[in-house]
Structures are given as structure tokens and as C-alpha cells.
Amino acid sequence: MRSQTTKNNPITSFMQRALDLARNAQGRTSPNPPVGAVVVKGGQIIGEGHTQPAGSWHAEVMALRQAGDAARGATMYVTLEPCCHYGRTPPCAQALIAAGLAEVHVATLDPNPRVSGNGLNELEGAGIIVRLGEAEDEAKEIVEGFAKYITTGTPFFTLKWAMSLDGKIATRTGESKWITGESARAFAHRLRDANDAIIVGMNTVLLDDPQLNVRVETGRAHRQSDPLRVVVDTAGRIPLDAQLLSPALAGRTLIATTERCDQARREEIARRGAEALVLPESRGRVDLSALAHALAARGIVNVMVEGGGALLASMLEEGLADKVYAFVGPKIIGGREAPGPIGGAGTAAIAEVPRLERTSFQRLGEDHVIVGYIFRPETRSLL
């Protein structure tokens, strides 16, 4: 028997714990979705777990292992529908049945067409009571990247920038450190930690010489390495002494380039421990759609694009962007020559400009962050 939980119902402490566990796994499970699960008996949690790195165990199995034989007759709260197909590991739905669970609360269905609804059908067919929908919105947000990846074959792209109150990302001389304060910068590093890759354009490397690593303690589960660092570098102009090519960082650096980067330059990049990935050219630059598919082929699900303005504009123009984090510092920079976050030619008509939906607003010290999703009617059901 299956019952539907309304979105207005309060989230129980058990499902809240499952959500927290799923968030703890973000950035560590791709190409699998981050999931949290808890096993409850007699009003107490007797087992819990989250998805392990790809190839290892899923959240449900981790929770059942901790619960042991006490799982028989118990209730599980899980943020995503248990899978019902064989992948790198056996199906979780069968593990729940074998454990003898009496009831399973599922926050949301799996967006994977191979699973969606079928996992719950297997549980119900085995006599397990299924309750669906508690914390559905929260659970969908946690797996929004996976939803796009599994249904379109491309990563979920988040655009991020920091700007002054008057929309500037630097002064007219190019100085940009720091527009926002420590709280906002720590928040941005936590965002990095939840992504599989970070992308910047060549001008950002030339101006800022970034490291693109995670430099704050996030409290999440340990990850084996920083997110993949990707530089869009059409002609192979990255300086060989750039921090991204230093021995400490180059092992997780990918230079997305074209045939305009000659073989000798590509070999020099490789000698420094980075990879030069040659992609097709489109409108005089790296074909970003080709880059998106190349990243997806490597199991990259969630990607944060941090600038510069030309790259952010291209992501919007080509319809690749999904979400925006715009950090706003209470500073007024001014100046006709001071750059804004989005470059390119811009949109001519207001009716055609990209717009955000499902926006939210959060204060971070003296700064604020505006979060929203690029309005795209054809993909609303995925997000």
C-alpha cells in the first residue's frame, strides 16, 4: 500500500536526518546521486548512512548494515526512491526486502527512467508499506544535478559571481579582492565542495591566477580530492607558471582547448601534470556543448562556472546554465570601465533576457546571496 504525503506536512526529525546525510554526501558520489537513509525502530534511529563514492554502497545498504538484524520490522526514511536495477552494486529495493523492513518513507521518486516508480512497486509487491512525498522539494533540490544528468546526458551548471551593489566585479583597474566578506567567501567554498568540477575562462586565469580549490572546513564527508579544475582556453594561452599548473594542483586540472593549441604546447601542459583536452571550435572559441558532453562522459554531474564575464555570457547564450548564485557586497564601485559579471553582446530586448524563477535570498554577514533557477519551461519537470 502506498500513501502520498502532502507538501504541507511537517518534516519529521527522521527524514530531516536523512536529508542532512544526503547533503553530507554532495560532491562525493557522482555519477550516482547523493542519498541519505535512516532506519528507525521504537522511535529510535538504529542505523543510518549516505551514498558512498561511485562503485561502493548506496545509502540504504549502509543504513541496513549499521542496523543489522534489528532492521526486521523497522521503518526506513530515505531521500530518494531505492534503485531496482543492477549497476555497480545490487539493487537497493531487494536489500530492503531481504532485511524485512515493515515500512519505507521515500521523499521523492528517482528521476532515472529505469527506476522511477519501479523501486516502490517492488517494495509494495513484497508487502512493505510505502509512504511517498515527505520533504519532496528538499530532496529534489539535493539531486537536481543528477536529474538533469540522467535525463539529458549533460551536467547541471551553476553560475556564480560576486559583485558590488552597482553590479561591478572589479574596479576599472581590475582590482577585485575582496568585494564580499569572509562569510560569503566561506559559503562559496562550500558550494565548490558540493560540485564535481569548477570552470573558469582564460581571462580569469590571466587576471587572478586562481587555485580553484576548497579552502574551508565544510563539515561534509571526506573527499579524495578537490573538484576537477577546468580552464576554457581556446588557444592554449595558460601561463606555464600558473598556479593551476603547479605540482600541488595540476593533477586535477583540465585545460579545455582546440586545435589552435599546438601539439608542443599540449605536451608541455601534460608534463606539468594537467590534461589538455582538444575539443571542437564554435564561433571562435571552445564548443561549450562539446565540453559539457565530455565532462558528462567522465561522470561529472554538478559543475560550477565562476567566470569570467565572456564565459558566463556564453553559458547563458547557449542555454547551458541551470542555476545562479549571485553574491552582492554592500560596496559601490562605479565607473564606466569597471566590468560587470556578464560580458558578451548582451540581449537586445527585455522580453528575451534570461530570467530566474524560484528565487531565494540569504544574508551572509554584511553581504547577501541571491539564488535562482534559469527559467526554462521545457525542463521544469526535471528540477
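**Notebook: salt bridges, a buried Asp and a cavity**

I looked up Glu103 first: at 17% relative accessibility, Glu103 counts as buried. My cut-offs: buried is under 20% relative accessible area, exposed is over 50%, and partly exposed lies in between (1.4 Å probe, protein chains only). This is a predicted model, so I note that local features need pLDDT of at least 70, side-chain atom pairs count only at pLDDT 80 or more, and totals for chains, interfaces and linings use all residues. Residues are numbered from 1 along each chain as its sequence is written, and side-chain values use heavy atoms, with hydrogens and water left out.

**Entry 1: salt bridges**

Which side chain does Glu103 meet in a salt bridge? I found Arg131, at 2.8 Å from N to O. A salt bridge here is a side-chain nitrogen of Lys or Arg within 4 Å of a carboxyl oxygen of Asp or Glu. Arg131 sits in strand S6 (residues 129-132) and Glu103 in strand S5 (residues 103-106), so the pair ties together parts 28 residues apart in sequence. Strands are DSSP runs of E with at least two residues, helices are runs of H or I with at least four, and both are numbered from the N terminus. Arg131 is partly exposed, at 26% relative accessibility.

I then checked Arg298. Its salt bridge is with Glu275, and the closest N and O atoms are 2.7 Å apart. Arg298 is in the loop between helix H10 (288-297) and strand S14 (302-305), while Glu275 is in strand S11 (residues 275-278). The two are 23 residues apart, and the pair links distant parts of the chain. In total I noted 19 salt bridges in the structure.

**Entry 2: Asp233**

Is Asp233 buried or exposed? Asp233 is buried, yet it has no salt bridge. The nearest side chain of opposite charge is Arg237, 4.7 Å away. For charge, Lys and Arg count as positive and Asp and Glu as negative; His and the chain ends are not counted. I placed Asp233 in the loop between strand S9 (228-232) and strand S10 (253-257).

What lies by its side chain? A polar atom there is 3.1 Å from the backbone nitrogen of Gly236. The backbone nitrogen of Ile238 lies 3.0 Å from a polar atom of the Asp233 side chain.

I counted one cavity of 30 Å³ or more. A cavity is a set of points on a 1 Å grid over the protein atoms alone where a 1.4 Å probe fits but cannot get out. The largest cavity holds about 80 Å³ of space.

Note on methods
A polar contact is a pair of N or O atoms within 3.5 Å; within protein, one must be able to donate a hydrogen and the other to accept it, and residues adjacent in sequence count only if both atoms are side-chain atoms. On a 1 Å grid over the protein atoms alone, a cavity is a set of points where a 1.4 Å probe fits but cannot get out, and a pocket is an open set with protein on both sides within 12 Å along at least five of seven lines; lining residues have an atom within 4 Å of a point. Grid points are joined across faces, edges and corners, and a volume is the space filled by probe spheres set on the points.
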